[in-house]
Amino acid sequence: MKILVTGGAGFIGSAVVRYIIKDTNDSVVNLDKLTYAGNLESLAEVSSSDRYAFEQVDICNRAELDRVFATYQPDVVMHLAAESHVDRSITGPADFIETNIVGTYMLLEAARAYWNSLDEMRKSTFRFHHISTDEVYGDLPHPDEMDEGEELPLFTETTPYAPSSPYSASKASSDHLVCAWRRTYG
């Protein structure tokens, strides 16, 4: 498979890219804007692989996304690119709205246009994996704030969304966009 990983130079994304190159036979296209969170040094051990390619692209740039899809023709998208860190979202929410919501929209539309160009067999196997955060479900109590013997509550897939910061609200928004695109466009 050829896997397009957005945010592949970030902390989690780089671990995903390293895993794919070191432990599978799949190829990776790492698409990353290289902001404060991106670090290509974390990919040094796999960057020389003939199954690895890097594209410095902002997910808000639709023309560049279309070019990457046309050039590499991925089988899977793993969407990890995001502005993160609650504190940064409080002091500068605009970047979170732009990347996490508008960028996800742009990526969904580029993926949909690409998917529409595929034959039926490739359409049926194409996947778009959106990686989110537990923070979309709100806040859990700190263990120190709980009564003795009380169990720490856990979030599940059925926990209602209750974002409590610009970061978590932007990620919840992107989650809803992905679900809507799946339901509306298949």
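Tyr185 is partly exposed, with a relative accessible area of 35%; here buried means under 20% relative accessible area, exposed over 50%, and partly exposed in between (1.4 Å probe, protein chains only). The model is predicted, so local features need pLDDT of at least 70 and side-chain atom pairs count only at pLDDT 80 or more, while totals for chains, interfaces and linings use all residues. Residues are numbered from 1 along each chain as its sequence is written, and side-chain values use heavy atoms, with hydrogens and water left out.

Tyr185 forms a tilted aromatic pair with Trp181, at 5.6 Å centre to centre and 55° between the planes. Rings of Phe, Tyr and Trp (its six-membered ring) pair if their centres lie within 6.5 Å; planes under 30 degrees apart count as stacked, over 60 as edge-to-face and the rest as tilted. Both residues belong to helix H6, four residues apart, or about one turn of the helix. Helices (H or I, at least four residues) and strands (E, at least two) are DSSP runs, numbered from the N terminus. Trp181 is buried, with a relative accessible area of 17%. Seven aromatic pairs are found in the whole structure.

## Charges over rings

The charged end of Arg112 sits over the ring of Tyr185, 3.9 Å from its centre. The criterion is NZ of Lys or CZ of Arg within 6 Å of the ring centre and within 35 degrees of the ring normal. Arg88 likewise lies over the face of Tyr36, at 3.8 Å from the ring centre.

## Salt bridges

Ten is the total for the structure: the search finds 10 salt bridges, each a side-chain nitrogen of Lys or Arg within 4 Å of a carboxyl oxygen of Asp or Glu. Arg112 meets Glu109 in one of them (2.9 Å, N to O). These two residues lie three residues apart in helix H4, about one helical turn. Arg112 is partly exposed at 24% relative accessibility, whereas Glu109 is buried at 13%. Salt bridges with shared partners also join Arg18, Lys22 and Glu45 into one network.

Arg88 has a salt bridge to Glu83 (3.0 Å, N to O). Glu83 is buried, with a relative accessible area of 7%, and Arg88 is partly exposed at 27%. A further salt bridge joins Lys33 and Asp58 (3.4 Å, N to O). Lys33 lies in the loop between S2 and strand S3 (52-56) and Asp58 in the loop between S3 and H2, so the pair ties together parts that are 25 residues apart in sequence.

## Nonpolar cores

A nonpolar core is a set of buried Ala, Val, Leu, Ile, Met, Phe, Trp, Tyr and Cys residues joined through side-chain atoms within 4.5 Å. The largest has 24 residues, of which Leu4, Leu31, Val68, Phe69, Val77, Phe126 and Phe128 touch the most other members. Two or more residues come from each of strand S2 (27-32), helix H2 (62-72), helix H4 (93-116) and helix H6 (166-185). H4 gives the most, with six residues.

Apart from residues up to four places away in sequence, Phe69 touches Leu4, Pro74, Val77, Leu107, Ala110, Ala111, Tyr114 and Phe126, contact meaning heavy atoms within 4.5 Å. A second, separate core of 14 residues includes Ala9, Val17, Val46 and Tyr52. Ring pairs link Phe69, Tyr114 and Phe126 into a cluster.

## Cysteines

With a disulfide defined as a pair of cysteine sulfur atoms within 2.5 Å, the count is zero. For Cys60, the nearest cysteine sulfur, that of Cys179, is 20 Å away. Cys60 is buried, with a relative accessible area of 16%, whereas Cys179 is exposed at 52%.
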